[in-house]
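Hi everyone, thanks for making time today. Please have the sequence and the 3D view open while I talk, and stop me whenever you like.

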Amino acid sequence: MSRTLLAAIAVITLTLSGCMSTSSSKPARDLTTVKHVDLARYMGDWHVIAHIPYVLEKGKVATTDRYRLREDGKIETTFLFRKESLDAPQKQWNGVSWVVDKTTNAEWRVQFIWPLRAAYRVLELDADYRWAVVSSGDGDLIWILSRARTMDDATYTTIVEKVRSRGLGADELARVLQPVR
């Protein structure tokens with residue numbers, strides 16, 4: 001399958017997950033974003049430590065989200081990954097993001113294939129920008145991101161408890177294999 005087709009499927013999946021109605025039996029979810037994201041500090045590489053897996057991330061390892069602020073205010077968004085093995089060639093999907101809540105800078109839209117876009121919400125952010133928790137618009141998908149490729153167990157457990165306290169799928173989180181460097 002082509003990279004463009006896979007990226008389109010990813011965006012469709014994220015878009016549809018945000019469009020589904022929630023049943024009244026689902027527990028309340030706290031999708032409140034952080035009060036402010038300093039975009040200049042947020043730019044750069046964020047390694048995916050854990051996520052709620054979905055079809056397009058299946059089998060991907062050494063995943064990294066790379067953000068670069070463009071002159072037009074949009075964010076160049078690159079998803080880097082390897083398939084199945086840390087020794088596999090690195091691949092990437094290229095897209096663009098833009099901030100939709102300019103008061104907080106914590107809610108974006110991400111687009112890899114026009115016209116499909118998905119919500120990106122920064123729910124938790126370390127004061128020193130060492131780690132973050134982001135979600136899809138409805139909170140069905142969660143990612144734990146880190147500036148470092150690895151995260152100590154105590155920090156990881158604390159972050160998972162933050163996800164759990166928000167009524168999100170903490171028990172569905174799966175660690176992503178990252179190279180140890």
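Just after helix H3, Gly167 takes a positive phi of about 75 degrees. Keep in mind that what we are looking at is a predicted model.

Let's walk back into H3 itself. The helix covers residues 153–165, and at 1.5 Å a residue those 13 residues should span 18 Å; the C-alpha atoms at its ends are 18 Å apart, so the two agree. At the start of the helix, a side-chain oxygen of Asp152 comes to within 3.2 Å of the backbone nitrogen of Ala154.

Which residues of H3 are buried? They are Tyr156, Ile159, Val160 and Val163. Looking down the axis of H3, these buried residues fall within an arc of 100 degrees, so they line one face of the helix. As a reminder, an α-helix has 3.6 residues a turn, so residues three or four places apart point the same way. Among the elements covering that buried set are strands S1 (44–51), S7 (131–135), S8 (142–146) and S9 (174–175). On the face turned away from the buried side, you'll find the exposed residues Ala154 and Ser165.

Inside the helix, Arg164 pairs with Glu161, with closest N and O atoms 3.2 Å apart; the two are 3 residues apart, about one turn of the helix. Arg164 is partly exposed at 34% relative accessibility, and Glu161 is partly exposed at 40%.

Another bridge joins Arg175 to Asp153, at 3.3 Å between the closest N and O atoms. This one links distant parts of the chain, since Arg175 sits in strand S9 and Asp153 in helix H3, 22 residues apart. Asp153 is exposed, with a relative accessible area of 55%, while Arg175 is partly exposed at 41%.

In total the structure holds 14 salt bridges. Glu107 lies in strand S5 and Arg121 in strand S6, so the pair ties together parts 14 residues apart in sequence.

Last stop: His51, in strand S1. His51 is buried, at 7% relative accessible area. Its side chain makes a polar contact of 3.3 Å with the side chain of Glu57. His51 also touches Glu172; their C-alpha atoms are separated by 8.0 Å, although the two are 121 residues apart along the chain.

Thanks, happy to take questions!

Notes: Residues numbered from 1 in each chain as written. Predicted model: local features only at pLDDT ≥ 70, side-chain atom pairs only at ≥ 80, totals over all residues. Heavy atoms only, no water. Helix = DSSP H or I, 4+ residues; strand = E, 2+ residues; numbered from the N terminus. Expected span 1.5 Å × (residues − 1). Buried < 20%, exposed > 50% of the residue type's maximum accessible area, 1.4 Å probe, protein only. Arc of directions from axis to C-beta. Contact = heavy atoms within 4.5 Å. Polar contact = N/O pair within 3.5 Å; in protein donor to acceptor, adjacent residues only side chain to side chain. Salt bridge = Lys/Arg side-chain N within 4 Å of Asp/Glu carboxyl O.
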